[in-house]
Amino acid sequence: MGILSGNPQNEPMHYGEVSGTWAYLMTAQGMIAGYQVLINHTGDADLKAFLEDVIKNGLKPEVQALQELLKANGLALPPAPPERPSATIESIPPGARINDPEVAATVSADIAAGLVSCSTIMGTCIREDIALMFGQFHMKKAQFGATLLRMTKEKGWLIPPPLHVLQSEQA
C-alpha cells in the first residue's frame, strides 16, 4: 500500500479529512462562544451545569485535539470567536431572554447534528487515528444527548410528537 501503510499519523490527510476536520473545528469553536451566551440566559442550575460540562469536557477537548491534528499536518486553523463574558440573567431584559426549554432544545439539536457530522467524517476517513478520534467525539456526544434527554423529560421541557398507540380490536 506504500504511503498508506504503517503508522496512520505518518499518512497524509486526504482532502475530505481536511475539510471535515477543519469545518468541525470551526463549528466547535463557535459553539463554545454560543453556549457561553446560552449560559448567561439559563436560569435552571442543572441546565447551566450541563452547558458548562459540555464546554469543559466536550467542546474544549475536541477543539484542542483537532487543533493539534491540523497543526501537525501543516494546516492553517480556522478563526475562533472570542470567549464571551459572563452576565447575570437579571441583566437580560425579559423579552430578550432565551428560555430554558428553548436552550435545551437548541443544544439537543446541536448534539444530533454533531452525531451526524462525526459519523460522516468517520465514514470518509482512511486514517484510522482520525476515524477513532471522531468515534470518541461521537460517543461523548451520545452521552451528553442521553443526559440532556433525561433532563428535559424530568423538567417537563420535552414536547413529544403525537404518540402512536396501538388500540386493540373493539368487541
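Predicted model: local features only at pLDDT ≥ 70, side-chain atom pairs only at ≥ 80, totals over all residues.
1. Which helix gives the most to the lining of the largest pocket? H3 does, with seven residues. H3 and H4 each supply at least two residues of that lining.

2. The second largest pocket has a volume of about 210 Å³. Its lining is made up of 17 residues, and Tyr 24, Thr 27, Ala 113, Gly 114 and Ser 117 are the ones nearest its centre. Two or more residues of this lining come from each of helix H1 (15–41), H2 and H3. By type, the lining divides into seven nonpolar, seven polar and three charged residues.

3. Glu 62 has its place in helix H2. Is Glu 62 buried or exposed? Glu 62 counts as buried, because its relative accessibility is 4%, and the cut-off for buried is under 20%.

4. Next come the salt bridges. How many does the structure hold? There are five. In one of them the side chains of Lys 155 and Asp 46 meet, with 2.8 Å from N to O. This pair links distant parts of the chain: Lys 155 is in the segment after helix H4 (128–154), Asp 46 is in helix H2 (residues 45–72), and the two are 109 residues apart. Lys 155 has a relative accessibility of 28%, so Lys 155 counts as partly exposed. Asp 46 counts as partly exposed too, at 44%.

5. Another salt bridge joins Glu 83 and Lys 60, whose closest N and O atoms are 3.6 Å apart. Glu 83 lies in the loop between H2 and helix H3 (100–124), and Lys 60 lies in helix H2, so the pair ties together parts that are 23 residues apart in sequence. The accessibility of the partners can be set side by side. Glu 83 counts as exposed, at 53% relative accessibility, and Lys 60 counts as partly exposed, at 36%.

6. A further salt bridge is between Arg 127 and Asp 129, with the closest N and O atoms 2.6 Å apart. Arg 127 counts as buried because its relative accessibility is 2%. Asp 129 counts as buried as well, at 19%. Elsewhere, salt bridges that share partners join Asp 44, Asp 46 and Lys 155 into one network.

7. The loop between H2 and H3 also holds Glu 90. At 62% relative accessibility, Glu 90 counts as exposed. Where does Glu 90 stand in relation to His 41? The two are 49 residues apart in sequence, and their C-alpha atoms are 8.9 Å apart in space.

8. The last topic is the cysteines. A disulfide is a covalent bond between the sulfur atoms of two cysteines. A search of the whole structure finds zero disulfides. Cys 118 is in no disulfide, and the nearest cysteine sulfur, in Cys 125, is 10 Å away. Cys 118 is buried, at 0% relative accessibility. Cys 125 is buried too, with a relative accessible area of 14%.

Technical notes. Residues numbered from 1 in each chain as written. Heavy atoms only, no water. Salt bridge = Lys/Arg side-chain N within 4 Å of Asp/Glu carboxyl O. Helix = DSSP H or I, 4+ residues; strand = E, 2+ residues; numbered from the N terminus. Buried < 20%, exposed > 50% of the residue type's maximum accessible area, 1.4 Å probe, protein only. 1 Å grid on protein atoms, 1.4 Å probe; cavity = no way out; pocket = protein on both sides within 12 Å on 5 of 7 lines; lining within 4 Å. Points joined across faces, edges and corners; volume = space filled by probe spheres on them. Nonpolar A, V, L, I, M, F, W, Y, C, P; charged D, E, K, R; others polar. Disulfide = S-S within 2.5 Å.
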